[in-house]
Amino acid sequence: MTVRIQTEDFDAGFEISQLHKNHKDIGAVVSFIGLVRDMNDGDAVSQLTLEHYPGMTEKSLASIINQGKTRWNIADALIIHRVGTLQPSDQIVLVAVSGAHRGEAFAACEFMMDYLKTEAPFWKKEATPQGEHWVEAKSTDDVARERWGAGK
Amino acid sequence: MKIKLFYFARLKEALKYSTEDLNLPDEPMTILKLKALLAKRGDVWGEMLMGKLKVRAAINHELVDDNASISNGDEVAFFPPVTGG
């Protein structure tokens with residue numbers, strides 16, 4: 001398992017190749033990349049700043065991967081999340097899951113992303129022409145998380 | 001008992017605190033009781049911790065609810081609902 005919080009960008013191709021390197025039983029890798037958009041809830045976004053809770057963040061992401069490994073038959077997973085100041089089009093997060101077959105890898109990747117959105121201690125602040133403001137949590141993210149059922 | 005407190009994001013900005021060490025009376029303490037205690041510090045404290053805004057809490061890096069009990073030496077954090085990803 002790999003969990004990294006970093007200010008610098010990541011190379012998804014390289015990270016994914018590391019995930020299945022030397023594992024000839026891997027038949028599928030599913031990945032998700034989150035990017036900064038230049039528009040959110042009708043506001044033009046010029047910059048995004050991400051804050052996190054060092055210590056808790058790493059534990060929370062490791063726990064999310066472990067829950068995914070318990071629920072699905074997957075081989076390994078990695079989560080890289082950036083913090084600091086980002087610009088539109090910048091990469092924010094990479095979640096990648098490897099396994100023997102695609103079905104379980106797809107499900108586990110989506111589960112991990114839904115849990116990350118609602119449990120991992122990150123906070124976004126947007127810069128817009130009207131000034132800076134903290135991004136509000138979305139109830140649709142809670143709904144996305146709830147569909148996986150209870151069992152934390 | 002002694003605890004270490006952390007505040008993040010909107011709370012950190014509004015309260016102008018990121019962390020503090022706190023001495024509490026040696027009696028059973030929960031997240032809700034601690035929030036009520038801190039809210040007595042003044043307007044912005046009451047508004048941020050006991051007002052309309054949703055506040056989440058963690059004890060020793062685990063998300064907890066209002067009824068969770070706090071022990072000597074714990075690291076407690078207050079923050080808004082998370083918005084990563």
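D41(A) lies in the loop between strand 3 (39-40) and strand 4 (43-44) of chain A. Helices (H or I, at least four residues) and strands (E, at least two) are DSSP runs, numbered from the N terminus. This is a predicted model: local features need pLDDT of at least 70, side-chain atom pairs count only at pLDDT 80 or more, and totals for chains, interfaces and linings use all residues. Residues are numbered from 1 along each chain as its sequence is written, while chains are lettered from A and ligands numbered from 1 in the order in which they are written.

**Loop residues with positive phi**

- D41(A) is not a glycine, yet its phi is positive, at about 50 degrees.
- D41(A) is exposed because 10 other C-beta atoms lie within 10 Å. The cut-offs, with C-beta atoms placed from the backbone, are 20 or more other C-beta atoms within 10 Å for buried, 12 or fewer for exposed, and partly exposed in between.
- S89(A) is also a residue other than glycine with a positive phi, near 80 degrees.
- S89(A) sits in the loop between strand 7 (84-86) and strand 8 (91-99) of chain A.
- S89(A) has 9 C-beta neighbours inside 10 Å, so it counts as exposed.

**Overall build of chain A**

- Chain A holds 4 helices and 10 strands.
- Along the sequence, the pattern of chain A is β-α-β-β-β-β-α-β-β-β-α-β-β-α.
- Along the principal axes, the C-alpha atoms of chain A fill a box of roughly 50 × 35 × 30 Å.
- Of the 152 residues of chain A, 30% count as buried.
- Among contacts in chain A with a separation of 6 or more, 76% are between residues 24 or more positions apart. Two residues are in contact if their C-beta atoms, placed from the backbone, lie within 7 Å.

**Helix 2 with helix 3**

- The axes of helix 2 (residues 56-71) of chain A and helix 3 of chain A come within 10 Å and cross at roughly 150 degrees. Axes are lines fitted to C-alpha atoms, for helices over the stretch in contact, and angles run from 0 to 180 degrees between N-to-C directions.
- Helix 2 of chain A and helix 3 of chain A make a right-handed crossing. A crossing is right-handed if the near helix is turned clockwise from the far one by less than a right angle, and left-handed if anticlockwise.
- The contact includes I64(A) and I65(A) of helix 2 of chain A and F111(A) and M112(A) of helix 3 of chain A.
- By class, the contact residues of helix 2 of chain A with helix 3 of chain A are 8 nonpolar, 3 polar and 2 charged. Ala, Val, Leu, Ile, Met, Phe, Trp, Tyr, Cys and Pro count as nonpolar, Asp, Glu, Lys and Arg as charged, and the others, Gly among them, as polar.

**Helix 3 with helix 4**

- Helix 3 (residues 102-119) of chain A and helix 4 (residues 139-146) of chain A have axes that come within 9 Å and cross at roughly 135 degrees.
- Helix 3 of chain A passes helix 4 of chain A in a left-handed crossing.
- Y115(A) of helix 3 of chain A and D142(A) of helix 4 of chain A are among the contact residues.
- The contact of helix 3 of chain A with helix 4 of chain A has 2 nonpolar, 1 polar and 5 charged residues.

**Contact between chains**

- 15 residues of chain B are in contact with 23 residues of chain A.
- The side of chain B that touches chain A has 10 nonpolar, 4 polar and 1 charged residues.
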